[in-house]
Structures are given as C-alpha cells and as structure tokens.
Amino acid sequence: MKKAKVTIQDIADALGISRNTASKALNGADSVPPETREKVFSKAAELKYKHFSSLTAAVSASDPQGNIALLTSNLPNSSHFGSQLLSGLEKRISTEGYTLSIYFVRENDINAMTLPGNFEPSSVDGIICIEMFNKEYSGLITSLGIPAIFIDCAADIVYPELKADLLLMENEHSVYAMTRKLIGSGVESFGFVGDYNHCRSFHERWTGFNRALADAGIPLNPESCIIGQDKDYLLEAGWMDSQLEALSHWPAAFICANDFIAISLMKSLKGRGVNVPGQIAVCGFDDASESRIIEPHLTTVHIYSGHMGIVSAEMLLSRIKDPARPYQVTHVATDVIFRDSTPVPN
C-alpha cells in the first residue's frame, strides 16, 4: 500500500498547533516565534515533509561514521537557493555514512556569543554554516577547531581571517556582465537595491555593479540607490514603497541584490503605475521560482544550487580527512538569464 504524503496538517497535529501557524513557519513568516519555527522545521524533517525530507538526522548507511552539524540562523525555505543546496549536500555526505543534524542559532545566541543549547562540539565531525553573517560569531565557530565550511559569509570578513573553507556562487562577474549588457542595449542610468553589507555575496554583486558603471564611464548616483539595512525590508510593511518615495532620482534600470528584493520592487513600481520594463527595467539574482511567475518574468542570474551542495560536501569531507590543508575559497559559476523585465540586450 502506497504511503500517504505528509501534509502541513500532519505537522500541525503532531505539534498541537494550528495549520496556519505551521504553514507560516515553513514559509519563513516573521510573525512566528523562532522557537515555534524551529519546532516546525524539525518536525517537518522528522516526518519527511516535501523539501525537508532530505534533512532528516538519520541516513540509511549501515555503518555511519560520524555527524555533520548544520548551523543556521534561518533555514532556507523551498524558494531559497539553499534548499536545493542542502539536498545535494545531504545526499553526498550520506554516501560517506555521515548524518546531518540541524542547529538553529538565534539572535540571542549571537548577541551572547554562545552556541545553541543542544549543540555538543565533541559529537560533531564537521560544521556547515548557512545564513551565518556575523563576523564575530563566525570566529566563535572556527575557534572550536572543528572542520568547517561557510556557504557565504559576513560582508566584512577578510578571507585569511575566516580560518575555514568558503563556498560562494559567482557574484561579481555575473552582475558585471548583466549590467554591461543593459548598457549596451541603451540603458544610461542605474540604481542598486539591497544592503551590500548584508553578506559577502551581496557585497560582491555591488562591486560588480559599480565596476560595470565605471568601465562604461557612467557615474554612480547614490540618490538612485536603495541600500538600507535589509532587516527593514523584511520586517517593515511598505518599506519598499517608502524607499521609492524618498528617491530623488529614478534610474532607467534597477539592479537588485536578489530576486525577492527585485519582486518587491516590481510590485511597488506597479502600484505606482510604472511600466516594467517600458519605463524602468528590473534585474534580480538567484533565479528563484518566483522569478518565473511574476509578470513580467524577471531577468536574473541562475545559481547551480544542487551542484553547490555537492561541492560544499566534498570540500568539507576533504577538510575532515586532512585538517591541515590550506583553506579554500571557491566560486561556482552562474548564468545570466534575460527575461521580460529588461529590454532585450543587443
């Protein structure tokens, strides 16, 4: 008899919460307390619910060798590139007999510089960090002396300071190429949207954007950019509307730090009756599923998430086997995808 699919209602019933709360937690809603969100994620992984099925703490290997710990301040949902990355990562380490355990790092942990209460370093063979963008806390993790790899990192980290392997998607050159293509198609003024101090990837995208303008002799106009802290964008309703209102000059094209920022921007522009791309072009980054749903479809940069998961697993496994090897910084190539939110490049 075929086993029934696990539903959100099953997760809610198991935890004694409403289906609505469970659904909001799985979708990363900020209205759900971190403790509740953690319980929902853990139960989803335990019950093998959809995208969380690969994140169970047990694998089928008959002779497990050890435990890999995933430390995260925000477990990626199904729309985030990290979801497919984790799937590829878990499959690769399971072939070597390792289990994957998830530990949530709360804001209180970061402020107090303490490890999660249920994290026991002596039982961990390797650490994977996702959505961990605090420089000082990164230092706490690497000071444990456990082989570690960061998927992206704090924007202000200088690579030799990290004392761990680092994996990023290619950010700078892809944004550079995308911006130069738009310049070649006749776009003459640009703005950037996103907090370039949020993480290393955002900072590299900002660098590529600025380099493209400089090489084309186009001056950067700060009054056309929205670069406030991203926590404002995430938490404050109407934040993008107010930021657009405050701009003294609207450019012909906005380059956004990721797709979700770009989609929020497009909705605000549409609400003001602005035609995209007729009046303003918009670009994102990540190639999230939403980028192919919103109208017009979003020009973006495709990330090979599953491959990044395999690469990160192999880097960590190599580090576990040889802790003394030189630290490695790896960028995985990306592809620029032009869609209807921008003019067709020449």
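Predicted model: local features only at pLDDT ≥ 70, side-chain atom pairs only at ≥ 80, totals over all residues.
**View 1. A cis peptide bond between Val276 and Pro277.**
Start with the bond that joins Val276 to Pro277: this peptide bond is cis, and its omega angle is about 10 degrees. To find the spot, look for the loop between helix H12 (259–271) and strand E8 (281–283), where Pro277 lies.

**View 2. A cis peptide bond between Glu295 and Pro296.**
Here the peptide bond running from Glu295 to Pro296 is cis, with omega near -10 degrees. Pro296 sits in the loop between E8 and strand E9 (300–303).

**View 3. Lys163, a residue with a positive phi.**
Lys163 is not a glycine, yet its phi is positive, at about 60 degrees. You can find Lys163 in the loop between helix H7 (159–162) and strand E5 (165–169). Is this residue buried, exposed or partly exposed? Lys163 has a relative accessibility of 49%, so it counts as partly exposed; the exposed class takes in values over 50%.

**View 4. Asp287, a buried residue with a positive phi.**
Asp287 also is not a glycine, and its phi is positive, at about 60 degrees.

Methods
Residues numbered from 1 in each chain as written. Heavy atoms only, no water. Helix = DSSP H or I, 4+ residues; strand = E, 2+ residues; numbered from the N terminus. Buried < 20%, exposed > 50% of the residue type's maximum accessible area, 1.4 Å probe, protein only.
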